[in-house]
Amino acid sequence: MHKGDLAMGVAFQLEPSVDRFVKAPPRKMLIGGKWVDAVSGKTFATVNPADGSELARVAEGDAEDVDRAAKAARKAFDDGPWPHMAPTERQRILLKVADLIETHGKELAQLETLDNGKALFETENVDIPQAAGTFRYYAGWVNKITGETSPTDPGYFNFTLREPVGVCGQIIPWNFPLLMAAWKLGPALACGNTVVLKPAEQTPLTALRLGELLLEAGVPEGVVNIVPGFGETAGAAIVRHRMIDKVAFTGSTEVGKLIQREASDTLKRVSLELGGKSPNIVFADADIAAAVQGALMGVFFNQGEVCCAGTRLFVEQKIHDEFAAALATAAGTMKQGPGLEPGVQVGPLVSQEQLDRVTGYLAIGKKEGAKAILGGERNTAPGLEKGYFVKPTVFTGVNNDMRIAQEEIFGPVVSVLPFKDEHDAVFEGNRTLYGLAAGVWTKDVSKAHRVARAIRAGTVWVNCYNVFDVVSPFGGYKQSGYGRELSHYALDLYTNVKSVWLKI
Ligand code: NDP
């Protein structure tokens, strides 16, 4: 290891491989098992959000590159060994991928923190281990994906096969770059599909490093193709391509709608994990200290760049003021700074664009009459001026009709709203076009069950928040999308069911 100065002049022991990765000539894209330049020869910059400096240049994929990648993936699916490989062999390779992610965990964590901004503590303890765990979990499924026999008329024998869908286009966002790649690739590969993956333009580095590890683990050429580039060009080309059978997308509801419309032309299968505006409901009978901590991590984890963040914090009227004050006090102690700096809990936002978007919402909130009892502005403390830092913000005086209560902000901003009773909490909690997640804090078990059932969302956490495990499904109701990722439910996204009849 040697010293690096990539984050705000902070001397930090970077893994040598990180240095190689960010200082090398422009990173190439992975097509057909080879690292290649874009057909156009173009590259784009990926930026360190802690100080706005250029971190690396990356090949800029466009429609022609997606076409090459789709053809490579098609060939690998139709002729290649992957879908027809002995399941135990495919399993062995995916287990190796998990092992390699762990072996290179330190390096991947640093690379992720440099590219995305998030605290190293989070990349080391959440993103990387969960990415490895996701590959390991789906490796376990490879030889357990079975069909069934059906009780038909005795003159026939009928059985079903679960077959891979084919070539899958996977478009992922920037908030958990490596983890989202694992959520998408794990089940797709376990089921025997081949893939064209597009990482977000803001955070392409860990996906490209993962590409190297996939090859090292023995994933055959053409099975995973990684095309960095922009959504409007490379992303749109994936959605339109005739050789691609399915698109899996995580990102904004706006782009999700666009993708669904575009995919209708080729009738691709689509799964969408989209935005959220999740209600986190605190009843007066809750363990208040635990609820404050839960509300805090429910919204400020990952700088609030989390689709299921508990951004609408409903607190029972009689404890509202005291609770909001306790939350602001706790949030005020969170250390903000470059993600690589020891002890940092809240890093910068991912990009200038996201900084503008979030500070725009802070202005909207104030104009609407909300009061920032903490934060409410960009953080330009000495050393942070060039980075995309927004102070953790707690708004009170919010009502559920305001834009800050209804629109996804995707930053460290929470709105605290009072409610009268259980009916009011459920009614207002559900009054959003989203339905990704919710939280409920109470010691009353019956109330917890009633509210968990009444909330229209794909995940409900009771007396906890933001708990994830690969064994439990994740996905949306309403305009938060459809299809379930993680757990055995994700296998449904990546398999077709074939019914076979034999006349006896
Ligand atoms: P997008 O939805 O634009 O980006 C997500 C992914 O989709 C990226 O890989 C992006 O590519 C790609 N993409 C963009 N446009 C298209 C298109 N027309 N066809 C195919 N793919 C496309 O999110 P943004 O980065 O613009 O963030 C805006 C807001 O979206 C955030 O503030 C947040 O509210 C929400 N969001 C939600 C996420 C979630 O987890 N649900 C994750 C990220 C954002 P590229 O980045 O290269 O342009």
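I began with the ligand and found 29 residues around it, the closest being Trp174, Lys198, Glu201, Ser252 and Arg357. A residue counts here if one of its heavy atoms lies within 4 Å of the molecule. I noted that this is a predicted model, in which local features need pLDDT of at least 70 and side-chain atom pairs count only at pLDDT 80 or more, while totals for chains, interfaces and linings use all residues. Residues are numbered from 1 along each chain as its sequence is written, and side-chain values use heavy atoms, with hydrogens and water left out.

**Entry: the ligand**

I sorted the shell by class and got 14 nonpolar, 10 polar and five charged residues. For this sorting, Ala, Val, Leu, Ile, Met, Phe, Trp, Tyr, Cys and Pro are nonpolar, Asp, Glu, Lys and Arg are charged, and the others, Gly among them, are polar.

I then looked up polar contacts, meaning pairs of N or O atoms within 3.5 Å; within protein, one atom must be able to donate a hydrogen and the other to accept it, and residues adjacent in sequence count only if both atoms are side-chain atoms. A backbone N or O atom of Ile172 is 2.8 Å from a ligand oxygen. From the side chain of Gln202, a polar atom lies 3.3 Å from an oxygen atom of the ligand. The side chain of Glu408 has an N or O atom 2.8 Å from a ligand oxygen. Alone, the ligand exposes 850 Å², and the protein buries 92% of that; the areas come from the Shrake-Rupley method with a 1.4 Å probe, and for residues only the protein chains shown count as cover.

Which elements give two or more residues to the shell around the ligand? I listed α8 (231–240), β12 (246–250), α9 (253–263) and α12 (352–368). Helices (H or I, at least four residues) and strands (E, at least two) are DSSP runs, numbered from the N terminus.

**Entry: residues in helices and a strand**

His320 is in helix α11, residues 320–332. I looked up its accessibility: His320 is buried because its relative value is 8%, and buried means under 20% relative accessible area, exposed over 50%, partly exposed in between (1.4 Å probe, protein chains only). The side chains of His320 and Asp321 make a polar contact at 2.8 Å.

Glu212 belongs to helix α7, residues 205–217. Its relative accessible area is 18%, so Glu212 is buried. I checked Glu212 against Trp35: they are 177 residues apart along the chain, and their C-alpha atoms are separated by 9.2 Å.

Ile101 sits in helix α3, residues 87–103. With 0% relative accessible area, Ile101 is buried. Between Ile101 and Leu111 I found 10 residues in sequence and 13 Å from C-alpha to C-alpha.

Tyr434 is part of strand β19, residues 434–435. Tyr434 has 12% relative accessibility and therefore counts as buried. Tyr434 and Lys268 are 166 residues apart in sequence, with 24 Å between their C-alpha atoms.

**Entry: two positive phi values**

Most residues other than glycine have a negative phi. I noted that Asn302, not a glycine, has a positive phi of about 60°. Asn302 is in the loop between α10 (288–300) and β15 (312–316).

Asn463 has a positive phi near 55° and lies in the loop between β21 (459–462) and β22 (477–478).

Is each of these two asparagines buried or partly exposed? I found Asn302 buried, at 0% relative accessibility, and Asn463 partly exposed, at 40%.
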